[in-house]
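Biologist: Could you walk me through this structure, one part after another? I have not worked with it before.

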Amino acid sequence: MRVLLVEDEERIGQFVRRALTEQGFVVDYLVDGDEAWAATRSQSYDALVLDIMLPGRDGLSILRNLREQRDAVPVILMTARGELHERLEGLNLGADDYLVKPFFVEELVARLHAVCRRAGGEKLSRLQAGDLTIDLLTREVRRGEQALDLTGREFALLEYLMRQPGRVIPRTQLLGHVWGYDFDPGSNLVDVTVRRLRRKIERPGEEALLETVRGVGYRMRQVVEAGA
Ligand code: CA
């Protein structure tokens, strides 16, 4: 994990830098806000740890500028005791967390792991199998460039299957998770919906993604991406 640490009090900065490095983080350490902003434009970081009062632009300005540029990199603010107003402003500006100085460096390490985990989770708002993608936030489904129009139930079914690629999902499990039935209504509800879904996501000549496993259930094929 690559972290940008910005702290103008060098005694604190060097201490935190050393501690994070020992914990396996790759740390770029800067003392000036303008230099820090420039670094965020030219480098890619997994997280930023920003002091608020800095020479050049302050930590809150860096944070504001990042969010204005739609840069969602996780940011942890370091504040001095009593900087309640700045802390609240930071959270309003989209800081992911803050620490009040003095703090234990273990606390910073734990929070860095937490914000990076959360940021990683957001990337999971998109599921993909081959050239089929679904966006869990906008609920957009695409096969290649083609946008597909699914019903709510078809979407739920597809999402459930795509979350577990390569696994055979029994019909009873699909009934439970997609329809909320804890019993088998004795109809071919699942098969009918799968057929309809398949007609939408698989045009003739396209690679089949949704497989029937006879007598058991259905499986989304696990597509190995090139270079993966
Ligand atoms: Ca400072």
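**Helix contacts, a sheet and a buried valine**

Modeller: Let me begin with two helices: Arg153, Ala156, Leu157, Tyr160 and Leu161 in H6 meet Gln173, Leu174, His177, Val178 and Trp179 in H7. By class, this contact of H6 with H7 has seven nonpolar, two polar and one charged residues. Please note that the model is predicted.

Biologist: At what angle do H6 and H7 pack, and how far apart are their axes?

Modeller: Helix H6, residues 152-162, and H7 pack at an angle of about 125°, and their axes are 10 Å apart. That angle makes H6 oblique to H7.

Biologist: And is the crossing of H6 and H7 left-handed or right-handed?

Modeller: The crossing of these two helices is right-handed.

Biologist: Let us turn to the sheet. Which strands form the open sheet, and in what order?

Modeller: Three strands form it, in the order E10-E12-E11, and their pairing is antiparallel. Strand E10 (168-170) and strand E11 (210-213) are the edge strands, each pairing on one side only. From one strand to the next, the twist averages 30°.

Biologist: How many bridges join E10 to E12?

Modeller: Three bridges join E10 to strand E12, which comprises residues 217-220, and the two run antiparallel. Isoleucine 169 stands opposite tyrosine 218 in E12.

Biologist: Which strands does helix H7 touch when it packs on the sheet?

Modeller: Helix H7, residues 171-179, touches E10 and E12, and its direction makes about 75° with that of E10. Helix H8, residues 189-201, also packs on the sheet. Helix H8 touches E11 and E12, and its direction makes about 150° with that of E11.

Biologist: Now a change of topic: valine 109. Which helix does valine 109 lie in?

Modeller: Valine 109 lies in helix H5, which covers residues 105-123.

Biologist: Is valine 109 buried or exposed?

Modeller: Valine 109 is buried, because its relative accessible area is 9%, and buried means under 20%.

Biologist: What is valine 109 in contact with, leaving aside its neighbours within four places in sequence?

Modeller: With those neighbours set aside, valine 109 is in contact with Leu20, Gln23 and Phe25.

Biologist: And how far apart are valine 109 and alanine 19, in sequence and in space?

Modeller: Valine 109 and alanine 19 are 90 residues apart in sequence, and 8.9 Å apart in space, C-alpha to C-alpha.

How values were computed. Residues are numbered from 1 along each chain as its sequence is written. This is a predicted model: local features need pLDDT of at least 70, side-chain atom pairs count only at pLDDT 80 or more; totals for chains, interfaces and linings use all residues. Side-chain values use heavy atoms; hydrogens and water are left out. Two strands pair if DSSP finds at least two bridges between them. Helices (H or I, at least four residues) and strands (E, at least two) are DSSP runs, numbered from the N terminus. Axes are lines fitted to C-alpha atoms, for helices over the stretch in contact, and angles run from 0 to 180 degrees between N-to-C directions. Contact means heavy atoms within 4.5 Å. Angles under 35 degrees count as roughly parallel, over 145 as roughly antiparallel, 65 to 115 as roughly perpendicular and the rest as oblique. A crossing is left-handed if the near helix is turned anticlockwise from the far one by less than a right angle, and right-handed if clockwise. Ala, Val, Leu, Ile, Met, Phe, Trp, Tyr, Cys and Pro count as nonpolar, Asp, Glu, Lys and Arg as charged, and the others, Gly among them, as polar. Buried means under 20% relative accessible area, exposed over 50%, partly exposed in between (1.4 Å probe, protein chains only).
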